[in-house]
Amino acid sequence: MKKIANTAEILKSLKTNDLVLAAKMPMGYTAGYPILQNRNGSLCMTVPYLKYKITGEKDKTQVYPIRYTVTVEIPENIIVRFEDLAFAKGHTKVNFDKHVGYFRHDAIKELTKKQYEEKRNELYAMYDKLISAVLGEGDFSADDEKSMKELLGMLLEPCLMGAYKVLDKDFYNKFLA
């Protein structure tokens, strides 16, 4: 049985992955929260990439639209797709140079940096638990689903909800709607 990499490890490994680096994604793009998908019978994790621009004002860091996605097959942790959404159906009218919202939104404004990181790590643990369950290595209860939905709904910038719906309607309806 292969070791199943955890979500945080996958996101970290993408930063130095040769394929991602060769794709020449501009500096400054960062991974958003992953989307789990069944693609042709394989469990995949699609990682959206977007940029933030610090303005110097508290809670006014600009959030830009999701521009790129990298899809990784799980548990093999092999990149199976890289996409620049500027050339994708459903994104032709998106202005990737105009910010769509601000970080930190109301649901997380009162969290300290440490509290935010703890919530994010808690969410990544829920992703890991779901991945294990889908691969037949564990359980994912209705309570787990509810917790994941609450955490993702709290942490994800509201201005990105529509983009997540376009990227994967099923994931959106299950964990964000």
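**Close-up views of a predicted model**

**View 1. Y164 and its contacts.** Y164 touches G32, Y33, I35, P48, I66, L156, Y172 and L176, leaving out residues up to four places away in sequence. The model shown here is predicted. Y164 sits in helix α5, which covers residues 161-167. Its relative accessible area is 1%. That is under 20%, so Y164 counts as buried. Y33, one of the residues touched, is 131 residues away from Y164 in sequence. In space, the C-alpha atoms of Y164 and Y33 are 9.5 Å apart.

**View 2. T46 and its polar contacts.** T46 belongs to strand β3, residues 42-53. T46 is buried, at 4% relative accessibility. Its side chain makes two of the contacts to look for here. Another is a polar contact with the side chain of T71, at 2.9 Å. Setting aside neighbours within four places in sequence, T46 is in contact with P34, I35, Q37, R39, T69, V70 and T71.

**View 3. Helix α3 crossing helix α4.** Helix α3 spans residues 113-134, and helix α4 spans residues 142-155. Their axes come within 10 Å and cross at roughly 140°. That angle makes α3 oblique to α4. The crossing of α3 past α4 is left-handed.

**View 4. Residues between α3 and α4.** From α3, the residues in contact are Y116, K119, R120, E122, L123, M126, Y127, K129 and L130. They meet D144, S147, M148, L151, L152, M154 and L155 of α4. The residues of this contact divide into 10 nonpolar, one polar and five charged.

Technical notes:
Residues numbered from 1 in each chain as written. Predicted model: local features only at pLDDT ≥ 70, side-chain atom pairs only at ≥ 80, totals over all residues. Heavy atoms only, no water. Axes fitted to C-alpha atoms, helices over the stretch in contact; angles between N-to-C directions. Helix = DSSP H or I, 4+ residues; strand = E, 2+ residues; numbered from the N terminus. Parallel < 35°, antiparallel > 145°, perpendicular 65-115°, else oblique. Left-handed = near helix turned anticlockwise from the far one by under 90°. Contact = heavy atoms within 4.5 Å. Nonpolar A, V, L, I, M, F, W, Y, C, P; charged D, E, K, R; others polar. Buried < 20%, exposed > 50% of the residue type's maximum accessible area, 1.4 Å probe, protein only. Polar contact = N/O pair within 3.5 Å; in protein donor to acceptor, adjacent residues only side chain to side chain.
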